[in-house]
Structure formats: C-alpha cells, structure tokens
Amino acid sequence: MYTTLIEPAQLSARLSDPDVAVIDCRHELSKPAWGAEAYAAGHIPNALHASLDRDLSGPVGPATRRHPLPTVEAFATTLGRWGIDAGVQGIAYDQGPGAYAARLWWMLRWVGHSRVAVLNGGFAAWQEAGLPVTREPGARPPRRFAPRTTDSMSVTAAQLEQGLARGDVMVIDARGADRFAGENETIDPVAGHIPGARNRPFTANLDATVRFLSPDALRRGFASVAS
C-alpha cells in the first residue's frame, strides 16, 4: 500500500492491477480547459481524468469563492464512478509539481481513504522515464465508495479566526511569495493573505527535478517556518 508518494517505475509495475486506480489531475488555473486537453493528447495508460472544477470541487456560490469542497456524498459518488472503494489503491498525478494531485490525495483522506499516493514528479517524470503514454480513454467498472469522515480534517473560517485569536493555530500559505505579498494577483478578487499567516510556497517542497525533497529536508523546511 502506498500512502504518500509512488515512483514512476513502481506505478508502471502495477498498471494492470484492477485494484489500482490512476487519476490524472492536471490543471491550469488560468486555462480551465487545459487539463482535459492534456489528458486527450496523452496520459498514463488506464488513467481517468479528474476535473478540478467538476469532480474535485462543489458548485460555486456567492459565499464560496472558487473551488469549494464538494459535499461528502457528491464526492463519494464520483469515487464510485471512478471504480474506487476501500480496497483500491488510488494514485493521483498532475503535470509535475503535485499541487493538484495533492488535492485529490487530501480529499481521499478526508473521506477516510488512506490508500492513496501522489506520483512523484507527475506526468513529466513518467515521460522522462520513457514509460508508455496513450490517448485511449481510461475506464473502470463502478464500485461503491462508503465515506468515513472526521471533523479533524477541515476547519471553517470562523474556527480558523478563533484559533488565530487564541494563538494556538498556525496558518501556512502555500502560494508563491508574490501572491502572499499581494503582488501580481490575477486569480482572486482580494490580494494578500490571512493576517498572521506564514508563507512557504509549495514549490519549496520540491528539488530541481520537481520531485519531493527528502523527509528530513522537508522537516527542516517546515521547522524554519514555525520558528
């Protein structure tokens, strides 16, 4: 069972396993249609496409801003449509940095499914390893996913505000330093960050090959943010 990262060669050896579901999470915030186009142009064999807007988010409303979480019931239906149940190993990948794949990784854990990993280096690493790519759409027989959620996996804005006021909560903003500083904001209507938040861009978790740093290096990096 893989619960954090999986390497391209490890995934390649499991592609024919019916209990392995590979989900292509490629996306570009500025080009919402790009992920589906990239999937159609070529993807890991047997992989299914996940739309950030339709599959990994709920409906947008006046109070939600962009990409709110779907309901647990709606997400469980999506997972069942993808052929994922408690016995399936989920593998998420994106174009490389892992930001979108990590969303699916977290969401599966949110509904009680720890059997999920992110492809280290994403589709770029898969291609660099010379592994097969196909344009044939993936397909899996549907299964029934039974969610098991806990309150500890998410917080509301009100809970976060209260925790910050008490001083027992730390907020880490994973966006780029320029957006954290309120510069070059082209996506959100209000620039800047949550008062009291600290910045560690998600790209700081990666090495020069866009693969995750070692656990020790990551530990040191997050310790420096907390100090």
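Tyr 93 and Phe 123 are both buried, where buried means under 20% relative accessible area, exposed means over 50%, and partly exposed lies in between (1.4 Å probe, protein chains only). The model is predicted: local features need pLDDT of at least 70, side-chain atom pairs count only at pLDDT 80 or more, and totals for chains, interfaces and linings use all residues. Residues are numbered from 1 along each chain as its sequence is written, and side-chain values use heavy atoms, with hydrogens and water left out.

**Aromatic pairs**

A search of the whole structure gives 3 aromatic pairs. Rings of Phe, Tyr and Trp (its six-membered ring) pair if their centres lie within 6.5 Å; planes under 30 degrees apart count as stacked, over 60 as edge-to-face and the rest as tilted. Two of the stacked pairs are tabulated below.

| Pair | Centre to centre | Angle between planes |
|---|---|---|
| Tyr 93 and Phe 123 | 6.0 Å | 20° |
| Trp 106 and Trp 110 | 5.8 Å | 10° |

Helices (H or I, at least four residues) and strands (E, at least two) are DSSP runs, numbered from the N terminus. Trp 106 and Trp 110 both lie in helix α4 (residues 99-110); because they are 4 residues apart, about one helical turn separates them. Trp 106 is partly exposed, at 25% relative accessibility, while Trp 110 is buried at 8%.

**Charges over rings**

The charged end of Arg 26 sits over the ring of Phe 123, 4.2 Å from its centre. Arg 200 has its charged end over the ring of Phe 222, 4.6 Å from the centre. The criterion is that NZ of Lys or CZ of Arg is within 6 Å of the ring centre and within 35 degrees of the ring normal.

**Nonpolar cores**

A nonpolar core is a set of buried Ala, Val, Leu, Ile, Met, Phe, Trp, Tyr and Cys residues joined through side-chain atoms within 4.5 Å. The largest has 25 residues, and those with the most contacts inside it are Leu 56, Phe 75, Leu 79, Trp 82 and Leu 104. Two or more residues come from each of β2 (20-24), α3 (72-81), α4 and β5 (116-119); α4 gives the most, with 6 residues. Beyond its neighbours within four places in sequence, Leu 104 is in contact with Ile 23, Cys 25, Leu 56, Phe 75, Trp 82 and Ala 92, contact meaning heavy atoms within 4.5 Å. A second, separate core of 14 residues includes Leu 11, Tyr 93, Phe 123 and Leu 131.

**The sheet around β4**

The 5 strands form an open sheet in the order β1-β5-β4-β2-β3, with parallel pairing. Two strands pair if DSSP finds at least two bridges between them. The edge strands are β1 (5-6) and β3 (48-49), each pairing on one side only. β4 pairs with β2 in the parallel sense over 5 bridges, and 3 bridges join β4 to β5, also parallel. Gly 90 in β4 is the bridge partner of Ala 21, and Val 116 in β5 is the bridge partner of Gly 90.

In a regular strand the side chains alternate between the two faces of the sheet. Both faces of β4 are covered: Gln 89, Ile 91 and Tyr 93 are buried on one side, and Gly 90 and Ala 92 on the other.
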